[in-house]
Amino acid sequence: MMLPGPKSTDDQAIPIVIVGHVDHGKSTLIARLVHDAGGFTDGKVAELQAVSDRRGTDFEWSFLLDALQVERDQAITVDSTQVRFALQGRQYLIIDAPGHHEFIRNMLTGASQAVGAVLVVDATQGLAEQTKHHVMLLKFLGHKQIIVVINKMDLVGFDQAAFAALSVSVNNYCSTSGIAVAASVPVSARHGDGLFSQSDRLAWYVGPTVAESLAMFSISPAPVDRPVRFPVQDVYRHGDQRILVGRLDSGCMAIGDQVVLCPTGRTATITGFFDENGLSSRTDAKAGESVAIALDHELFVERGHVAASVAAPPSLATLLKARVVWLDAEPLKAGAEYILRVGTATHVVLVDSINRLFDFDHQVDQITDAVHQYAVAEISLRTRVPVPIDPADDGAVLSRAMLLSGHRVVGACLLQSGERRAVVSSNLTAVIQSVSRDERAARNGYRGAVIWFTGLSGAGKSTLAMALQRELFDRRVGVYVLDGDNVRHGLNHDLGFNEADRLENLRRVAEVARLFADAGLIVITAFIAPTVGIRTLAREIVGAEFHEVYVDADLATCEARDTKGLYAKARRGEIKDFTGISSVWEPPMASDLAVPTSHQSIADSLGLLVDYVERRVLGARKVYDFSHFDGIEETS
Amino acid sequence: MNRLDHLEAQSIYILREARHAFDPIAMLWSLGKDSNVMIWLARKAFLGRVPFPVFHLDTGLEFPEVYAFRDRYAAEWRLDFTSFPCPPLEHVDPSLPKDARLAGRKSLGVSSVVDTFRLRGLIAGIRRDEQPTRAKERVFSPRGAANIWDFRDQPPEFWDLFASNYPFGTHVRVHPLLHWTEVDIWRYIARESIPVCSLYFAKEGRRFRSLGEIGITHAISSSAATVADIIAELSATTAPERAGRSMDHESEDAFERLRTSGYL
């Protein structure tokens, strides 16, 4: 056995994921590797022995990683975990991925952190369903080569021919999937054969041990020589200056460099870096670093924008082609709406089409209208605004995305290509207003804003909107309520109540609210706004001065109130598509304020609202919102 | 970038994501080495000042040196600091083993601080290498009703995309140090000259490797009197970090039960 290397080095630990079908011996392999590398802490063997005894099993290596009671009782890995060991001066971070079909999301969570992968195959079982599924997912994640470990050789009598036959079939399968097999290693993880040294029982084998083969993986150096990509995480204030914070994904930035902000297309020059002591002595930053930068002039920049090299900016697309691994029990459907996270940006997207489905047996080009749980497919997504992306660029932050629906993460995406489809006339050019928002805010004493109510019919939105309007008006605040009455009869008289028209109705409301807010008014909107998608769209349209207020009364309460008799009608089927009864209601996930109207009076609810508006809309914006603390100013 | 640069950049990224995603948000300061590093990183992330409240969940059973350290650095780092009393022992699940029950007061303290301030986000300095159930944690880890950790159904987390869209009634534990090891922490403390409580350094042949409550935390034999000594000691030792925390070892599932019901 080789001796373990030093426990700490200056280098990053190399993350390697161990994948394969359930029960093929992944957790055992990892535990045995850590043990043989000298990585067990004192008392660990005794502890695992006691745990095994308690369950009446032989000494069970996998209990090192399968730490949860449910995992030990059922002898199954539920969630991904990580352990470390050092070998010849290199530290490895080994990620155990569950092999059970049900826990694919956890396998992906683990595998997405890895630079290398080891596929464990049971010599007595061969290519099993999850073996194939995991190979497909590794390919999806961008792995180009893997190590194959043929485990449980003791159960086939360490037979050379059995190993040769199986490794050929695994190799063929992987190469058809587009992944090269760098080494195939016969082992018996339980007994330690083939892990660190050649075993007598495998004397016929001439290739590397598992430990030796791990040395082929390394972390690619940070992409400092590539174009600048700086996704903006947030904008902080430092005195009068606005500071953009984020992590530089690729390239280098130095004081004096010009960058282009995407998607707005404005350019600016970097004037300095900031740190905990204010203006920093730092003059440049390299890929991988989290930094804070100041620009030479005040541009409109917000989270989700990307500062990039002027010479090589990301592409802007409104139609994105993506590969997706679908995770949700509810299938992905063409025409459905989801939320896309790419870099630090969030966008509402519509599934334009499902182009093809991939399966284990390498059949492509299946026509389908739905992608089911854990399947891999290529889809096209449509966005409302241009999204900066770096498609088909391995490892680039702007090529990786996540899909959400309501409160759930439903898919992982890799962007393949994108194109920009004009949505508005290209003859329109933005006109800069002769009076800025800041000037209006300075004169009024507050900034225009949109207070966007959402809640079920009967929750109290209109009542509260009208009461809040009165309160604010009496305090000499310019305020206006947009509701169904004043919008449906004029601006939107051409719209009906089908799904598309309801969406268009609220899109227009959001656009009008934004204009009113631009003009300096506080706008209150009182619409149901039933879905996360609609509210995200409104937030996208309005921008930073958007405040979502959840007028929170549950369906039972609203139905019991039924002030307008609408619920009764909906129950009788006289109203179609009634929110909460016959059409979807997604309670808000991230409202800025929740007003629980079911168990408090209108006066109390109004009190909450006025308090919020005073502090967060009218007053100087505080960093956080604990009324009993003295607010501290933004860092200055 | 070397290893510590990389760890630092990742933690700062996580802290900034968290502050954007959750409002109100707060940080737990256990006064140990890890949470000192966490505050240090937060000061870097937010340009010099931690822009949210910092809580110490106080059982009244910390060592006197720990309280002295707390009072000094809460002021020196200009923290918006509050000592939050943990509910008494009688409120803790009586079926837990004895020392775990003492630690259970912290779980109740966490729930109580979340409920009192209606927190959406709570930042805590746990690490994967400390304990096997912590190794299974997410960076953004949601806690639903009753602050339960549903380890059977954790949300996926791809690359550096952390989901933050949870319904009301859910708060999210944010773990900016999850990817650090014990030696990383000490090497960073050395590099940045971050102050830590004097109990970590050996006196008369004993020091504390992990700090917790009086009565359930025990010193180890050690001659490490400086940060450099500690790094050298850890590089050679095979003893587990939390060996001196008796609550971990009373029964096989003691720590898992604590964590499922809200412990850090």
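A: Let's start with α2(B), which is mostly covered: 13 of its 13 residues are buried. Here a residue is buried if 20 or more other C-beta atoms, placed from the backbone, lie within 10 Å of its own, exposed if 12 or fewer, and partly exposed in between. Helices are DSSP runs of H or I with at least four residues, strands are runs of E with at least two, and both are numbered from the N terminus.

Before going on, please note that this is a predicted model, in which local features need pLDDT of at least 70, side-chain atom pairs count only at pLDDT 80 or more, and totals for chains, interfaces and linings use all residues. Residues are numbered from 1 along each chain as its sequence is written, while chains are lettered from A and ligands numbered from 1 in the order in which they are written.

How long is the helix? The expected span is 1.5 Å times one less than the number of residues, so the 13 residues of α2(B) should span 18 Å, and the end C-alpha atoms, 18 Å apart, agree with that. After α2(B) comes B:Leu47, with a positive phi near 60°.

Now for the neighbouring chain. In all, 53 residues of chain B are in contact with 59 residues of chain A, a contact being two residues whose C-beta atoms, placed from the backbone, lie within 7 Å. On the side of chain B that touches chain A, at least two residues come from each of α1 (3-21), α2 (33-45) and α5 (182-192). The most comes from α1(B), with 8 residues. That side of chain B has 26 nonpolar, 10 polar and 17 charged residues; Ala, Val, Leu, Ile, Met, Phe, Trp, Tyr, Cys and Pro count as nonpolar, Asp, Glu, Lys and Arg as charged, and the others, Gly among them, as polar.

What about the partner, chain A? Chain A has 15 helices and 28 strands, and 45% of its 636 residues count as buried. Its C-alpha trace spans about 90 × 65 × 50 Å along the principal axes.

Finally, a word on confidence. The average pLDDT of chain A is 86, with 93% of the residues at 70 or above; pLDDT is the predictor's confidence in each residue, from 0 to 100. Over residues 620-636 of chain A, pLDDT stays under 50. Where pLDDT is low, the predicted coordinates should not be read in detail.
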